[in-house]
Amino acid sequence: MSAYKEQLLSFSFDIKHAQGNSLARVGTINTPHGAIQTPAFIPVGTKATVKSVLPEAMADLGAQALLSNAYHLYLQPGADILDEAGGLGEFMNWPSPTFTDSGGFQVLSLGVGFKKVLAMDAQTFRRDDVIAGNKDRLAHVDDEGVTFKSHLDGSMHRFTPEVSMQVQHQIGADIMFAFDECTTLHNTRPYQELAMDRTYAWAIRCLDEHKRLTDDRATKPYQALFGVIQGAQYEDLRKKAATDLGSLESSGQSFDGFGIGGALDKGQLGTIVSWVNQILPENKPRHLLGIGAPEDLFVGVENGCDTFDCVLASRIARTSAVYTMEGRFNLSNSRFKRDFTPIDDECDCYTCTHYTRAYMHHVFRGKEIISATLATIHNERFIVRLVDQMRQALLDGNFSDMKADFLGRYTHRSGQARD
Ligand SMILES: [Zn+2]
């Protein structure tokens with residue numbers, strides 16, 4: 001095989017260090033656009049941009065990869081435009097690895113009007129009519145796929161597993177996700193079973209179409225495909241999904257890694273993730289979808305997840321909310337008007353080394369555009385660095401101490417969020 005061809009096919013995962021007494025591990029994901037040292041937090045650039053921040057600044061703050069969204073890019077500018085540009089990374093001036101979310105979550109969440117932050121409490125209420133009965137809903141699911149109305153212009157579209165694969169191949173990210181039916185904690189158990197069976201059938205169709213497209217587009221860099229593990233808060237369903245998708249092979253192709261998705265009850269996050277990760281093939285990477293609050297990242301890492309994405313860090317930054325070692329607070333609060341200290345004096349980001357809370361308070365109050373840029377740089381750095389510190393703690397054998405130290409000081413709790 002030529003060196004060029006090997007480069008094109010270079011997707012692999014090496015585990016460097018595994019903890020004897022837990023599922024946690026340290027590794028490297030190799031992609032055609034470079035390596036990702038794991039555990040790693042992957043910032044979200046939904047529409048091929050991390051809102052308000054230059055890609056160079058994202059690299060400077062330690063982002064190893066970015067995650068964009070197939071649904072949004074399909075609607076605008078169109079996946080064919082990204083294909084013509086040479087793929088997502090080339091299009092958005094990001095030379096490092098990229099991920100795309102399949103659009104499964106988005107066609108359903110935007111379609112039925114879920115809140116962007118999913119309820120993370122299984123006890124509130126359970127009704128399938130959140131999906132099945134609402135006349136105003138914008139998405140209809142059947143066994144073949146999902147028909148949905150564009151949230152941009154009201155036009156009708158249809159995603160099937162095949163369409164999602166075609167769109168994601170055109171977008172050209174290094175890591176893609178299979179098209180799944182994402183449920184909520186509000187759905188009944190019978191509906192969760194139905195959605196899981198559907199996701200399994202769709203997984204086979206994704207593998208088949210992925211294989212066909214990989215052969216068809218043999219001159220393009222290899223794109224890895226991750227299967228998505230559903231099953232909400234049910235132990236038997238989560239374990240069945242991990243067993244079935246973990247060993248699935250179709251068209252001579254198996255999944256290159258896995259995403260843990262669907263409705264995640266925050267109170268049970270660690271338990272759910274450990275059910276799944278005890279079963280999934282150990283030598284393949286595992287991504288926890290839409291999770292990025294500091295306290296949840298510890299739970300994900302110690303239960304064997306390798307990568308994470310969450311839109312929360314940048315979304316809350318634009319509303320003046322920032323993470324610090326002492327917890328989360330709002331810079332627009334008047335108590336910061338004369339505070340000439342950095343947002344977090346332990347943070348090494350560009351914002352904290354050049355600006356004060358008083359300045360941040362001023363630009364937020366004045367609705368200056370730079371407020372979003374500076375706060376996003378800080379929040380993304382805070383989360384990226386926190387996961388980097390977890391990786392180092394695993395290597396040094398003091399993860400438990402590091403976790404206890406951090407959580408002893410950090411007080412804010414927040415939810416799951418995907419764009
Ligand atoms: Zn900072």
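**Exercise 1. Work out which spacing the donors of the zinc ion follow along the chain, and which atoms coordinate the zinc ion.**

Solution. In this predicted model, the donors of the zinc ion follow the pattern C-x1-C-x2-C-x25-H along the chain.

**Exercise 2. Decide what geometry the site of the zinc ion has, starting from the angles among its 4 donor atoms.**

Solution. Then take the cut-off, by which four donors count as tetrahedral if all angles lie between 85 and 135 degrees. The angles among the 4 donor atoms here are 95 to 122 degrees, and the site of the zinc ion is therefore tetrahedral.

**Exercise 3. Classify Cys347, Cys352 and His378 as buried or exposed.**

Solution. The cut-off needed for this step is that a residue is buried when its relative accessible area is under 20%. Cys347 has a relative accessible area of 8%, so it is buried. Cys352 also counts as buried, because its relative accessibility is 8%. His378, with a relative accessible area of 0%, is buried as well. For the setting, buried residues make up 58% of the 419 residues in the protein chain.

**Exercise 4. Find how many disulfides a search of the whole structure gives, and state whether Cys305 is buried or exposed.**

Solution. Recall that a disulfide is a covalent bond between the sulfur atoms of two cysteines. A search of the whole structure finds 0 disulfides. As for Cys305, its relative accessible area is 1%, and it is therefore buried.

**Exercise 5. Locate the cis peptide bonds that join Thr38 to Pro39 and Gln76 to Pro77, and describe the backbone at Ala232 and Ser251.**

Solution. Between Thr38 and Pro39 the peptide bond is cis, with omega about 0 degrees, and Pro39 sits in the loop between β3 (34-38) and β4 (40-43). Between Gln76 and Pro77 the bond is also cis, with omega about 10 degrees, and Pro77 has its place in the loop between α3 (70-75) and α4 (79-85).

Turning to phi, Ala232 is not a glycine, yet its phi is positive, at about 45 degrees. This residue lies in the loop between β12 (224-229) and α10 (235-247), where Ala232 is buried, with a relative accessible area of 0%. Ser251 likewise has a positive phi, near 55 degrees, and lies in the loop between β13 (249-250) and β14 (253-254); Ser251, however, is partly exposed, with a relative accessible area of 38%.

**Exercise 6. Determine how far apart Gly290 and Ile260 are, in sequence and in space.**

Solution. First place Gly290, which is found in the loop between β16 (286-288) and α12 (294-302) and counts as buried at 0% relative accessibility. Then compare the separations: Gly290 and Ile260 are 30 residues apart in sequence, and 9.3 Å apart in space from C-alpha to C-alpha.

Technical notes: Residues numbered from 1 in each chain as written. Predicted model: local features only at pLDDT ≥ 70, side-chain atom pairs only at ≥ 80, totals over all residues. Heavy atoms only, no water. Donors = N, O, S within 2.8 Å, 3.2 Å for Na, K, Ca; no water. Tetrahedral: all angles 85-135°; square planar, octahedral: opposite > 155°, others 65-115°. Buried < 20%, exposed > 50% of the residue type's maximum accessible area, 1.4 Å probe, protein only. Helix = DSSP H or I, 4+ residues; strand = E, 2+ residues; numbered from the N terminus. Disulfide = S-S within 2.5 Å.
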